[in-house]
Amino acid sequence: MKKYNFGAGPSILPQEVFEQSAQACLDYNGIGLSLLEISHRSKEFEAILEETITLTKALLNIPTGYQVLFLQGGANMQFAMIPYNILNEEETANFVETDLWSTRAEEEARLYGKTKIIASSKDANFNYVPKDFIIDSDAAYLHLTSNNTIYGTAFFEDQSYPIPVVCDMSSDIFSRPVDVSKYHLIYAGAQKNLGCAGITMVILKKEWLGRSKRPKSKMWDYSIYAKNNSLYNTPPVFTIYTCLLTLRWLKKLGGVEEMKKRNKAKAALLYQEIDRNPLFRGHAAVEDRSRMNINFIANDPEHEAAFLEFVNSYNIHGLKGYRTVGGFRASCYNALPIESVEVLVKAMQDFENKSSK
Ligand SMILES: *Cc1c(COP(=O)(O)O)cnc(C)c1O
């Protein structure tokens, strides 16, 4: 039986994406070849890539003047590739530190230019998102993480800032409408809301191509990817196909507006139980609560291992919290049905009843 998968990433994808991509491994569209054995320059793959880019632009309502790129190496590689391509050595980038990922992004950027953490919630184990930070008006860009996968906080507003904004949307891309015009660069690893692991989507304002003046390795140069439509070398063909299938599914269901509605409903259901149930409490400040990664803690530390054991009989998978937070993390990405949240809520209630006996 399929488990209720709350894993943080790689994570659940729509069931039809699993089925269609499995079929494509055996015989892609009845052409007598597996998707895994055709050229990335074949007309079949060119059509896959084209449709993936077109759907991305349509679903996120991307204005003209932006380039959609597919790169390998994960979001972690973008922590370095962004400053390498954008930041000149004498320039400064500003960072808002809201979890381990933003810490890593800042550490990598230091290798290529100057950095400044202008706000951080590290002092409170990242349980909130800093609000009133002062931006250096002469900084090259401001780096944000829209959803903090580990600690379960989020920025929900696409705000205007006086300098260009770079945003890591790895764990909430396509979960809500985004005003892309507010950003110069958006990046997201695929393996949470978009497809299987192996690709990172970069949405980049074209005027930023070639911004940093350092000589660049070709495989690390956005301009090379832009010129070759992400086909300078062999991309992970299968991964891109899973992205396309996920985006088709998303479009069919009503796009990012519908996802936002569903994600809000799922999150409301679970937070309501966390707040009601005397055995548990939430980690994140209420106003900054993520809809994608919902962290909660057992009030009695002895209940932690016991509850993780208890949910096994409910067929629940992937609920253990990250080691620096402890407790539980229910990742409720787009593909997670509300029925899974209902099962988790039921398990929490049954655990409460059992414990009070
Ligand atoms: C998962 C995640 C990452 C890391 O992605 P990799 O693909 O493993 O490099 C970075 N940032 C955020 C916000 C994430 O959720």
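A residue is called buried when its relative accessible area is under 20%, exposed when that area is over 50%, and partly exposed in between, computed with a 1.4 Å probe on protein chains only. The model is predicted, so local features need pLDDT of at least 70 and side-chain atom pairs count only at pLDDT 80 or more, whereas totals for chains, interfaces and linings use all residues. Residues are numbered from 1 along each chain as its sequence is written, and side-chain values use heavy atoms, with hydrogens and water left out.

**View 1. Tyr333 in its loop.** Tyr333 lies in the loop between E14 and H9; helices (H or I, at least four residues) and strands (E, at least two) are DSSP runs numbered from the N terminus. Because its relative accessibility is 0%, Tyr333 counts as buried.

**View 2. The surroundings of Tyr333.** With residues up to four places away in sequence not counted, Tyr333 touches several residues (heavy atoms within 4.5 Å), including Gly7, Ser11, Thr149, Lys192 and Met292. The side chain of Tyr333 reaches the backbone oxygen of Ala8 at 2.6 Å. Asn293 is 40 residues from Tyr333 in sequence, yet their C-alpha atoms are 7.8 Å apart.

**View 3. The two sides of helix H8.** Within H8 (residues 302–312), the residues His303, Phe307, Leu308, Phe310 and Val311 are buried. They lie on the same side of H8 because they cover an arc of only 160° around the axis, taken from the directions from the helix axis to the C-beta atoms. Glu302, Ala305 and Glu309, on the other side of H8, are exposed. Among the elements against which the buried residues pack are strand E12 (293–298) and helix H9 (338–355).

Notes
Polar contact = N/O pair within 3.5 Å; in protein donor to acceptor, adjacent residues only side chain to side chain.
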